[in-house]
Amino acid sequence: MAGPRAPPVTQQVGRARGVGRREPAGLGEAARCLLLDREGRSVPFQALFRDRKAIVLFVRNFLCYTCKEYVEDLAKVPKAFLQEANVRLIVIGQSSYHHIKPFCSLTGYTHEMYVDPQREIYKTLGMKRGEGSNVSVRSPHVKSNTLLGSMRSIWRAMTGPAFDFQGDPAQQGGALIIGPGNEVHFLHLDKNRLDHVPINTVLQLAGVKPVNFSNKPQIIDI
């Protein structure tokens, strides 16, 4: 069963909207940037979507409560759904690679995750820094209110091995569906911490089955 109805797509490029194939500004440069995996090994960004379509989700930082709760729901996407559609699901953060394993353990996320510690891809693709206070949005995947969520983030920072925000706290994220090659199907740049694209929206745009994120049992028609 699909989740709640998603808001309109912010920006979509590709033949689905009759625009034709085109690349957003900076994609060629971003494709050449290097990411780090959980072991600290360098991986070219373009290697993630060279041979097949990929859903790439950029998060703010690993201490951000909205990102944590968003990734907790990403963890519920079955690998079988992705394999059936031949699509990769990738999260990119902007902390040290040392934070990948603890964050995956905390959220239960088992799909691919990398980091861009210098925020090179974030900058090249034009992702925003700072909050857009005049934009009213609400992520269906965030359950905590601002006060409680912020307090939990600060507590995690204070009780970690070092007081570390695990990335630039002002950096916003975004969503990209790309591949094979440099063909971009969808691009969204978050305006603030709650401006996540609903997960079922990106799944369906990438040709992946939607996921039931509610606790209600699914009803199967026979």
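In this predicted model, R38 is in contact with Y97, I100, K101, C104 and H111, leaving aside its neighbours within four places in sequence. R38 itself is found in the loop between β1 (34-36) and β2 (42-44).

**R38 and its surroundings**

- One of the contacts of R38 is with K101; the two residues are 63 residues apart in sequence, and their C-alpha atoms are 6.3 Å apart in space.
- Is R38 buried, partly exposed or exposed? R38 counts as partly exposed because its relative accessibility is 32%, a value that falls between the cut-offs of under 20% for buried and over 50% for exposed.

**The chain as a whole**

- The secondary structure of the protein chain consists of seven helices and seven strands.
- Along the sequence, these elements follow the pattern α-β-β-β-α-α-β-α-β-α-α-β-β-α.
- The protein chain has 222 residues, and buried residues make up 47% of them.
- Of the contacts between residues at least 6 apart in sequence, 74% join residues at least 24 apart.
- The accessible surface of the protein chain comes to about 11,300 Å², and carbon and sulfur atoms account for 53% of that surface.

**Strand β6 and its burial**

- Strand β6 spans residues 174-178 and is mostly covered, with five of its five residues buried.
- In a regular strand, side chains alternate between the two faces of the sheet.
- In β6, G174, L176 and I178 point one way, whereas A175 and I177 point the other way; all of these residues are buried.

**Pairing partners of β6**

- Which strands pair with β6? Strand β3 (residues 53-58) pairs with β6 in the antiparallel sense over five bridges, and strand β7 (residues 184-189) is likewise joined to β6 by five bridges, the two running antiparallel.
- I178 and I177 point opposite ways from β6, and both are buried.
- β6 and β7 form a hairpin, with five residues between the two strands.
- In the turn of this hairpin, G179 has a positive phi of about 105°.

Terms used. Residues numbered from 1 in each chain as written. Predicted model: local features only at pLDDT ≥ 70, side-chain atom pairs only at ≥ 80, totals over all residues. Heavy atoms only, no water. Helix = DSSP H or I, 4+ residues; strand = E, 2+ residues; numbered from the N terminus. Buried < 20%, exposed > 50% of the residue type's maximum accessible area, 1.4 Å probe, protein only. Contact = heavy atoms within 4.5 Å. Areas by Shrake-Rupley, 256 points an atom, 1.4 Å probe, with all protein chains shown as cover. Pairing = 2+ DSSP bridges.
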